[in-house]
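User: Hello! I'd like to go through this structure with you, one question at a time. Could you show it first?

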Amino acid sequence: MNAVVVDAATRDKLLAAGTGVVAVQDESGKLIGRFVFEGPPTPPTGYLIEGEWPSDEELDRREREGKRYSAAEVKAFLSGLKRGLR
């Protein structure tokens, strides 16, 4: 998926338009695309999320500070689980 980074003013305009489909136009009124805002994510039926959703800053911090595993490490871990099921 491609991404376009918008400034804070544009973000506020898009979010203020409400949920649903918003036409995005250039200065001359020509349609350049559509923005779809569906609101905050909702958990699947049957799941209960307790507490607040983590902020973008918290997610960034977790990504920076979290442990990362190589593909080989993940494969070795999964192989160990598979052996334990036999």
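Charged pairs, surface and strands

User: How many salt bridges does the count come to?

Analyst: This is a predicted model, in which local features need pLDDT of at least 70 and side-chain atom pairs count only at pLDDT 80 or more, while totals for chains, interfaces and linings use all residues. Residues are numbered from 1 along each chain as its sequence is written, and side-chain values use heavy atoms, with hydrogens and water left out. A salt bridge here is a side-chain nitrogen of Lys or Arg within 4 Å of a carboxyl oxygen of Asp or Glu. With that rule, the count of salt bridges is four.

User: What average pLDDT does the chain have?

Analyst: Happy to say: pLDDT is the predictor's confidence in each residue, on a scale from 0 to 100. Of the residues, 97% score at least 70. Confidence is highest in strand E2 (residues 31–37), at 89, and lowest in H3, at a mean of 86. The average for the chain is 84.

User: Which residue forms a salt bridge with Arg11?

Analyst: Side chains of opposite charge can pair when their charged atoms come close. The closest N and O atoms of this pair are 3.2 Å apart. Arg11 has 42% relative accessibility, so it counts as partly exposed (buried is under 20% relative accessible area, exposed over 50%, partly exposed in between, with a 1.4 Å probe and protein chains only). The partner is also partly exposed, at 41%, and it is Asp12.

User: Which residue caps the N-terminal end of helix H1?

Analyst: Helix H1 covers residues 8–16. A polar contact is a pair of N or O atoms within 3.5 Å; within protein, one must be able to donate a hydrogen and the other to accept it, and residues adjacent in sequence count only if both atoms are side-chain atoms. Here a side-chain oxygen lies 3.1 Å from the backbone nitrogen of Ala9. The oxygen belongs to the capping residue, Asp7.

User: How many bridges join strand E1 to E2?

Analyst: Two strands pair if DSSP finds at least two bridges between them. E1 (residues 20–25) and E2 run antiparallel, and they form a hairpin with five residues between them, where Gly29 in the turn has a positive phi of about 90 degrees. Val24 stands opposite Gly33, and Val22 has Phe35 as its bridge partner. The number of bridges joining the strands is six.

User: What is the area of the nonpolar surface patch made by Tyr69, Val74, Phe77, Leu78 and Leu81?

Analyst: Patches are made of residues with over 30% relative accessible area and no salt bridge, like charges being joined within 9 Å and nonpolar side chains (Val, Leu, Ile, Met, Phe, Trp, Tyr) within 5 Å; accessible areas come from the Shrake-Rupley method with a 1.4 Å probe, and for residues only the protein chains shown count as cover. Phe77 counts as exposed because its relative accessibility is 56%. The patch area is about 540 Å².

How values were computed
Helix = DSSP H or I, 4+ residues; strand = E, 2+ residues; numbered from the N terminus.
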